[in-house]
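Hi everyone, thanks for coming along. Let's take a friendly walk through a structure that may be new to you, so please have a look at the screen.

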Amino acid sequence: MMNDRGKSDRSIVPEKPPNKADSHAAEAAEERDRAKGNPPKHNKRWTPSQGSLPMGLERVRLAAEQDRKQRFTALLHHIYDIDRLRRAYQEIQRDAAAGIDGETWKHYGERLEDNLRDLSGRLARGAYRARPVRRVYIEKADGRKRPLGVPVLEDKIVQRSVVEVLNAIYEVDFVGFSYGFRPGRSPHQALDALAFGIWKKWVNWILDSDLQSFFDTLGHDWLIQFLEYRIGDRRVIRLIQKWLNAGVLEDGKRMFSEIGTVQGGSISPLLANIYLHYAFDLWAQQWRKKQAHGDVIIVRFADDFVVGFQHRKEAERFWKELGERLAGFGLKLHPEKTRLIEFGRFARQNAKTRGQGKPETFNFLGFTHCCGQTREGKFTVIRKTMRQRMLKKLKAISEELKRRRHEPIPDQGRYVRAVVQGHVNYFGVPFNSPAIHAFRHQVIRRWHQWLNRRSQRASVTWERMKRFTARWVPPAIVVHPYPAVRFGG
C-alpha cells in the first residue's frame, strides 16, 4: 500500500518521514532549508489560550517526535480529561449560534461542572453520541454560497479536546509549507513565506491552485486509513467516525454522505490537514526533492495552495502529475481556479517584450499578488487587497450602518472602529497602504451617508463628521513587517 518513494503511484507516506525540522518553523524559501531565527520548540502555542503543552501531551509529542512510525493506542483518557474539556468549553465563542438542540454556551455553563462530569463519563464509557449539524450558508466573495455546519455545543467541546490531543502528534508530522489552521501559524506567515520565496528563489512560473469542493469530496475511507497510520486507539477512531457519520440537518431533513466533512466544526480543519498531508504534502515534498532540477517553492493554506517553479516544463509536468495524484484520493483541481502564469523577476520585461503590458496576477488569502519594483528598481512582490473582496465587505458594512443608523453615535462608533481596525490588522501589509486608506475613506463616507438619513431635517456636517472620525476611526497604517524581516532574510 505504500513505499518510500512518494511518487505518483498513489503512495501515501514515505518510509522515512521527510519533515525533520520542528513543525513550527516556517520554510523561508519553501525548500529543504529553514528560515533563520525560527522560534525554539518550547515557544510553541498549541491553543490560543495555552502557553505550553500540558505534561501528559508533552510526553505524547516527544514520543511522536522520536518515532515517526509509532501508533498511539491510549489517547482517549487525554480527551475526556475534565480540565481539558473545561478549557475547550471556555474557548468556544460565547455568542456562537446554537446547534439543533438549542443549547447555548451560557445555559450549559450554569451547571458546568456537572455537565462536564457527565460528558466525561459518557466519553469514557463509549456512550457519547454525536448529533447532526445544522446547515447554514454564507455568501462567498464570488456571489456563491458556502455551506457551513453548526454542531451542538457538546460536540464543539469534545472536538476541541480531540484537536488539542491530536495536535501533539500531527504537529510533529506536518511539513513546513503547510500553514492553514495550525497552532502558532497564521495566514500572514503563509503570505510572507510565499512572497519571500518568490523574491529569494528563481521563481519564473506560478501554479495557482484550488481544490474543487474539497471539504465535500474527501473520502471517509481514505481519511480513516490516514488516521490509522498514527492513531491505534480504536475508541478515538470511532469517535471521529461518529462525527463523520452524524449527517447534516437541513430543512428538517437529515442527510448522510460517505464523503466530505462539514465545515464549521472544530475538528474539520485538522481532518482536512491530515488528509492533504498524505494526499498532497508528502508527495509534493518528495517531487520537489527528487523530480525537480530547478527551484520549487510550495505554500499551502487549507485547500488553497500556490507552487512556484523556475522552469515551465517542470511546472507543466507537476500540474499533470498532481491531477493524477489527487484523482487517486477522490480529489480534483478546480478547472477555473487552477492556472499556470508567468510570474517573477523577469515577468515584467518578458511581457513588455511581447507587447502584453503588465504580467498576470494571482490571488491568495485575500490578496492580489503582482510583480512590482522597489524604489531602487529591484523586483519585489506587491500584495493588494482583492478588489472583489473589499467591495463585498463595504457593501455588508453599508447594510449594517443602515440598520444601526438610529443607534447612539458611540455605539455606531465602536462598530466602525472594530471593522476598520480588523481590516487594517489583516490587510495592513507593506505596499498596500493605498488600499487600506481607500477602505477607511469609504467606510467613513458610508457612515456619513447613513447618519444623514436618520431624519429629513437634521444633517451631519463634514466638520462634525471629522470629529466623529478623529474619535472613532483608527488610522490606516501598515502593521505587518516586510516578509524578509519576518523570515530573517
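Predicted model: local features only at pLDDT ≥ 70, side-chain atom pairs only at ≥ 80, totals over all residues.

Before we start, a word on naming: helices (H or I, at least four residues) and strands (E, at least two) are DSSP runs, numbered from the N terminus. Residues are numbered from 1 along each chain as its sequence is written, and side-chain values use heavy atoms, with hydrogens and water left out.

Now the overall picture. The chain has 18 helices and 11 strands. I'll call a residue buried under 20% relative accessible area, exposed over 50%, and partly exposed in between (1.4 Å probe, protein chains only). On that scale, 52% of the 489 residues count as buried. A contact, for us, means heavy atoms within 4.5 Å. Taking contacts between residues at least 6 apart in sequence, 73% join residues at least 24 apart. The chain exposes about 23,300 Å², and carbon and sulfur atoms supply 49% of that area. Accessible areas here come from the Shrake-Rupley method with a 1.4 Å probe, and for residues only the protein chains shown count as cover.

Let's go inside. Ile157 sits in helix α6 and counts as buried, because its relative accessibility is 0%. Which residues does Ile157 touch, leaving out those up to four places away in sequence? They are Leu85, Ala88, Tyr89, Ile92, Tyr108 and Leu119. Leu116 is 41 residues from Ile157 along the chain, and their C-alpha atoms are separated by 9.5 Å.

Another inside residue is Thr380, in strand β11 (residues 379-385). Thr380 is buried, since its relative accessible area is 13%. Not counting residues up to four places away in sequence, its contacts include Cys370, Cys371 and Phe431.

That brings us to Phe431, which is found in the loop between α15 (409-427) and α16 (433-451). Is Phe431 buried or partly exposed? It counts as partly exposed, because its relative accessibility is 33%. Most residues other than glycine have a negative phi. Phe431, though not a glycine, has a positive phi of about 75°. Phe181 has a positive phi too, of about 55°, and lies in the loop between α6 (153-173) and α7 (187-200). Phe181 is exposed, because its relative accessible area is 52%.

A salt bridge is a side-chain nitrogen of Lys or Arg within 4 Å of a carboxyl oxygen of Asp or Glu. Lys337 is partly exposed, because its relative accessible area is 31%.

Last stop: the salt bridges. How many are there by our rule? The count comes to 28. One of them pairs Glu58 with Arg61 at 2.8 Å, N to O. These two both lie in helix α1 (residues 55-66), three residues apart, which is about one turn of the helix. Glu58 is partly exposed at 21% relative accessible area, whereas Arg61 counts as buried at 6%.

Asp281 and Arg300 also meet in a salt bridge, at 2.8 Å, N to O. Asp281 lies in helix α11 (residues 267-290) and Arg300 in strand β6 (residues 296-301), so the pair ties together parts that are 19 residues apart in sequence. Both residues, Asp281 and Arg300, are buried.

Finally, Arg404 forms a salt bridge with Glu407, with the closest N and O atoms 3.4 Å apart. Salt bridges that share partners join Glu400, Arg403, Arg404 and Glu407 into one network.
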